[in-house]
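Reader: Before I use the labels in this description, I would like to see what each one rests on. Please take them in turn.

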Amino acid sequence: MYDNNERQQQILDAAAAVIIRLGYDKTTMSDIAEEAGASRRTVYLYFKGKEELFEALLYREYLLYAQTWLEQLEADPRGGTVGGFYRALFHAVNGRPLIAAILRRDRRVIGNYLIKPDNLFARMGSGVNTPGFFQVRQAAGAIRRDIDAAVIEHIVEMLSWGQLTIGDFKPPDQFPPYDAVMEALADMMDRALLPEDSAPGTGGNSEAGKAIVRQITAAARAQMEQIKQAQERSTPGT
């Protein structure tokens, strides 16, 4: 027998698999029920509709992704560098295909949910503004200060989007080993962005970089929790 939480997680696991396969628009509650080995009535006991189920799935996936990302970053002595940050991020993304689709804003997977005015992404973007990620790292001495933070951000975004979308342009069987790519990417970022006076092998002020990531992660989690609580308050019967 499943307890309530186990059954709910099973339904969310099934929803993730079906939405990756069919896309949000084409997925039905019946598809999710069949994938979960449950009845539609059981699925509706936990979620009043597909949108509510999808947002619960997004919330869960974000938290699991952030936890994996932060654990990898903390375990890496150089995890606070820009290279270490993105190496941990991409390792976390690699194990969660729905998160990869979300980060790409993949319309095949996420579909019309993206154009919903109050979708989860829009609500996340409407939170309290924080200083630019790279500006904060410059101020902490974690990256070089002689390049404009907006330029650094743009270059890193080009690399990041390239990693997320390379499968659209090149067959996966032609990819080099993933770990080798991540190590090389992290090394190239650090060689380009660490302060020039950093001692070799120290990763600049890596601990300061980790502290910045902890603050950003904590703020994102708090914002997600606020969104979830507001949603629950506005849902009849919760």
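Reader: What makes the passing of H4 and H5 a right-handed crossing?
Author: H4 passes H5 in a right-handed crossing; the term means that the near helix is turned clockwise from the far one by less than a right angle, and left-handed means anticlockwise. The model is predicted, local features need pLDDT of at least 70, side-chain atom pairs count only at pLDDT 80 or more, and totals for chains, interfaces and linings use all residues. Residues are numbered from 1 along each chain as its sequence is written, and side-chain values use heavy atoms, with hydrogens and water left out.

Reader: Why is H4 called oblique to H5?
Author: The axes of H4 (residues 50–75) and H5 (residues 82–94) come within 8 Å and cross at roughly 140 degrees. Under 35 degrees counts as roughly parallel, over 145 as roughly antiparallel, 65 to 115 as roughly perpendicular, and the rest as oblique. H4 is therefore oblique to H5. Axes are lines fitted to C-alpha atoms, for helices over the stretch in contact, with angles from 0 to 180 degrees between N-to-C directions. Helices (H or I, at least four residues) are DSSP runs, numbered from the N terminus.

Reader: Which residues of H10 make the contact with H11?
Author: Ile-152, Val-156, Leu-159 and Gln-163 do so on the H10 side; contact means heavy atoms within 4.5 Å.

Reader: Why is the pair of Tyr-24 and Phe-54 called tilted?
Author: The rings of Tyr-24 and Phe-54 lie 4.6 Å centre to centre, with 35 degrees between the planes. Rings of Phe, Tyr and Trp (its six-membered ring) pair if their centres lie within 6.5 Å; planes under 30 degrees apart count as stacked, over 60 as edge-to-face and the rest as tilted. Tyr-24 lies in the loop between H1 (4–22) and H2 (29–36) and Phe-54 in H4, so the pair ties together parts that are 30 residues apart in sequence.

Reader: What makes the pair of Phe-133 and Phe-134 edge-to-face?
Author: The angle between the planes is 75 degrees, and the centres are 5.0 Å apart.

Reader: How do you know that Phe-133 is buried?
Author: Phe-133 has 18% relative accessibility and so counts as buried; the term means under 20% relative accessible area, with exposed over 50% and partly exposed in between (1.4 Å probe, protein chains only). Phe-134, at 5%, is buried too.

Reader: Why is Ala-218 called partly exposed?
Author: Ala-218 has a relative accessible area of 45%, so it is partly exposed.

Notes
Helix = DSSP H or I, 4+ residues; strand = E, 2+ residues; numbered from the N terminus.
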